[in-house]
Amino acid sequence: MGGYITSHALQERGFVVLDPYDQPADPAEWLELEYTAWRSSGVTRFAPLASFAGEVECNGFWNHTPPRTDKDGVWIPSQVEKAPHLTRRAQEPGANVGRCRVIELQPNEYADAVYNLHHDDNNRLNHEGTGWVVRGFFNLTEDADSVLILRDDRFDATTEMRIPLAAGSQVIVDTERFWHAVWHRGPAPRYSLITSWESGPELDAYIAQHHGHTDIDCAPVDPKVIHAAQHELHRRIEERRKAMESLGTIIEGPA
C-alpha cells in the first residue's frame, strides 16, 4: 500500500471493531429494499444503496464506462427512500463512499465459508497519493453464533481470526489484505450493510469517535471442524481444477 493514504488504526492488524450500534432501535429497512442476484461468498443477494451510476446493480466500477475505482458511488433514489437510516450510517463517517449495499446471506457451513474465502478488489484503478479503499461491515440481524472469518493466508488456518456478528456489531476491514468470508450458522438469512470507504482523516476520526480497537478474542471452533474444513477446501479446489481441465482450461492447484 506504499504511496496511498491509509488509516493508522488498521495498520497493525488490518481491521478494527467499533462500539456496538443499537440496531434494534432502528426499523428493519433492509426488508423493504430491492435485491438483485450477485454471487459473493455463499448463496447471496444484494440490495445496492450506491452504485456506479445510481442504478440497482452491483458490478465493479471498473467494469463500466468510463471505468473508475471503488469511489464516488451514486446514491440510488428508490433505495435511499426505503432505507434512510442505513444511508445515514453509511454517510456518517464523511469519507468518500464507493459501493454501498446490503448483503443477504443464506446459512452455510464452516467448510463452505473456508472454501469461499476471497480477496476484494476495491483499489483497482486507484491512484497513489489518494486514500486506500477499505470496507465497513455493519451486522443488521442477530447472528451472534455466526462469524466473520479473516485469514492472512487462505490455506493456513493458524492465521485465522473469527469475529462474532451480533446485531449492531461494526467492523472495518482492509479486505484486500485478508482472505475473508462469513460462516453464517442460521437459521434465517443474515443481513449486513457493506460500505466501501476511502481512508483519510474523516475515516480516522470516525474510528476514534467509536473507539475502534483490535483487542478481541477469536471465537472458538472445534479443531476437528477446522481440520475437516481444510481437507474439504483442498478437495473442492482439486475437483474444480479437474472439471476445468476437462473443458480445456488449465488452472493452478492450491499452494
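**Note on the predicted model: strands, rings and cysteines**

1. In strand β8, Pro164 is the bridge partner of Val147. The model under review is a predicted one. On the side of strand β10, Val147 stands opposite Trp183.

2. The pairing of β7 with its two partners may be described next. Strand β8, residues 160–165, runs antiparallel to β7 and is joined to it by six bridges.

3. The model contains eight aromatic pairs. One of them is formed by Tyr35 and Tyr191, whose ring centres lie 6.1 Å apart with 70 degrees between the planes. The pair is classed as edge-to-face because its angle is over 60 degrees.

4. Where in the chain do Tyr35 and Tyr191 lie? Tyr35 belongs to the loop between β1 (15–17) and β2 (36–37), whereas Tyr191 is part of strand β11, residues 190–198. The two are 156 residues apart, and their pair links distant parts of the chain. Both tyrosines are buried. Together with Trp30, Tyr35 and Tyr191 form one aromatic cluster.

5. Two arginines are placed over aromatic rings. Arg89 lies over the face of Tyr21, at 3.6 Å from the ring centre. Arg68 lies over the face of Phe61, at 4.8 Å from the ring centre.

6. The cysteines form the last topic. A disulfide is a covalent bond between the sulfur atoms of two cysteines. The structure holds zero disulfides. For Cys100, the nearest cysteine sulfur is that of Cys58, at 11 Å. Since a disulfide requires sulfur atoms within 2.5 Å, Cys100 is in no disulfide.

7. Are Cys100 and Cys218 buried or exposed, or do they fall in between? Cys100 has a relative accessible area of 0% and is therefore buried, the limit being under 20%. Cys218 has a relative accessibility of 29%, so this residue counts as partly exposed.

Methods:
Residues are numbered from 1 along each chain as its sequence is written. This is a predicted model: local features need pLDDT of at least 70, side-chain atom pairs count only at pLDDT 80 or more; totals for chains, interfaces and linings use all residues. Side-chain values use heavy atoms; hydrogens and water are left out. Rings of Phe, Tyr and Trp (its six-membered ring) pair if their centres lie within 6.5 Å; planes under 30 degrees apart count as stacked, over 60 as edge-to-face and the rest as tilted. Helices (H or I, at least four residues) and strands (E, at least two) are DSSP runs, numbered from the N terminus. Buried means under 20% relative accessible area, exposed over 50%, partly exposed in between (1.4 Å probe, protein chains only). A charge sits over a ring if NZ of Lys or CZ of Arg is within 6 Å of the ring centre and within 35 degrees of the ring normal. Two strands pair if DSSP finds at least two bridges between them.
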